[in-house]
Amino acid sequence: MAIAMRRTTTVEPHEDYGFFGPDSMTWKVWSYPSSLTVGFQRAVVVEELDPALIAAVDKTHDIYKRPRTRYDRTLRYFSMVAFGDSRSTSQVADVLVRIHSKAIGTDEITGERYDANDPESQLWIHLTAWHSILKAYEMYGPGKLTAAEEEQYWAECKVAAELQTCDQSDIPRNREELHAYYERMRPQLLGSDIAKRAMHHLLNAKVMLPQVPLLLRPGMLAVNSVLRAATIATMPRWMREMGDLRQSRAIDVAVQPIMKASLWLVQVHPKVELAVLGLLSPATVPVVTPVLLGVPPTNPEVVTPTQARERYGYDRPREAHREWRAKQHARVFGEGAAPSDAGLVESQDVLGRLG
């Protein structure tokens, strides 16, 4: 189902449709309010089961020191991939390689080296995000896609993978291949103490919500509880067990009509959806606004990531910034020094302030 576009002068249009556009399953699924709430929360929680990823996360402690800023920047990135114009999104994909160049080291639990730019690590992040968004849409949105629509969704997931260092050939073509991927990953995943701590922390909506007046706090606690329950309800038992996330089947069932009704009411009024998004992720609002309000781009064109890189002069993420990444490895593994934050600082122009 295409998203209707209309003319308006009050919203800054994107330069083009980016990599998907109004006829895409990406726009259909990701534009529903389940995606950037339950779906995204599920993604950041589930991904902590990867020992390499949680080692990098625990090293910086950013999810504890500046959780709202980190959530805001991460959500902006994924929203740009789905909805942003090709120039800006190509730039942020290139910057992300430099950001990830500092997320390297040796995992104290496994003794293995980790590197956030590793293709396998990027594949895990990419697939848990795209699957989580779809799962939330199915449970709390309009429901399952048709077989043809889901095939298109995973084909578009493959397109988006070109913006990261992972191999496009590793992207599942359907749900069965996705489940097979999870089964291959399960022996490598680890519900360590630091993973459990991070998962419980990220299930607390305080990491993405601003401070509210004392009078409104009881209401926010209720929202927090429902969102947490809704996110856990989307997770299979084996993931819950690894993360020590205990929730009864009765709560799983009870939370579904609450979330479905709430999110339906939000999506009926796009400006309400944008207001909610403004609370969760202010940096994401300019990316999503033209799509939700039906504002067409100045150039109604959909391009591929390859075309965009050639047009704007960027390397494929896997080959990007090799010299810089080598210097980071030399600092960390050769000299025993801390990696440079230069890439992280540079990213503020495209992903927002570090806070």
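Before I turn to the helix pairs, a word on terms: a helix axis here is a line fitted to C-alpha atoms over the stretch in contact, and angles run from 0 to 180 degrees between N-to-C directions. Helices themselves (H or I, at least four residues) are DSSP runs, numbered from the N terminus. What we have is a predicted model, in which local features need pLDDT of at least 70 and side-chain atom pairs count only at pLDDT 80 or more, while totals for chains, interfaces and linings use all residues. Residues are numbered from 1 along each chain as its sequence is written, and side-chain values use heavy atoms, with hydrogens and water left out.

Let me start with helix H2, residues 35–46, and its two partners. H2 and H5 pack at an angle of about 110°, and their axes are 12 Å apart. The two helices are therefore roughly perpendicular, a label that covers 65 to 115 degrees, whereas angles under 35 count as roughly parallel, over 145 as roughly antiparallel and the rest as oblique. From H2, Leu36, Thr37 and Phe40 meet Tyr71, Thr74, Leu75, Phe78 and Ser79 of H5, where contact means heavy atoms within 4.5 Å. The residues of this contact divide into five nonpolar, three polar and no charged; in this count Ala, Val, Leu, Ile, Met, Phe, Trp, Tyr, Cys and Pro are nonpolar, Asp, Glu, Lys and Arg are charged, and the others, Gly among them, are polar.

The other partner is H7, residues 119–140, whose axis comes within 8 Å of that of H2, with a crossing at roughly 140°. That makes H2 oblique to H7. Ser35, Val38, Gly39, Phe40, Arg42, Ala43 and Val46 are the H2 residues involved, and on the H7 side they meet residues including Trp124, Thr128, His131, Ile133 and Tyr140. Sorted by type, the residues of the contact of H2 with H7 are nine nonpolar, five polar and two charged.

Now to the aromatic rings, of which the whole structure holds 14 pairs. Rings of Phe, Tyr and Trp (its six-membered ring) pair if their centres lie within 6.5 Å, and planes under 30 degrees apart count as stacked, over 60 as edge-to-face and the rest as tilted. Tryptophan 130 and tyrosine 153 form a tilted pair, 5.2 Å centre to centre with 55° between the planes, and this pair joins distant parts of the chain, H7 and helix H8 (residues 147–161), 23 residues apart. Tryptophan 130 is buried at 1%, and tyrosine 153 is likewise buried, at 0%. Tyrosine 153 also pairs edge-to-face with tryptophan 154, at 5.4 Å centre to centre and 85° between the planes. Ring pairs link Phe20, Trp30, Trp130, Tyr153 and Trp154 into a cluster.

Finally, helix H15, residues 285–292, has six of its eight residues buried, so it is largely enclosed by the rest of the structure. The buried residues are Val287, Val288, Thr289, Pro290, Val291 and Leu292, and they pack against H1 (25–30), H2, H5 (67–83) and H14 (270–280). After H15 comes glycine 294, with a positive phi near 70°.

Terms used: Buried means under 20% relative accessible area, exposed over 50%, partly exposed in between (1.4 Å probe, protein chains only).
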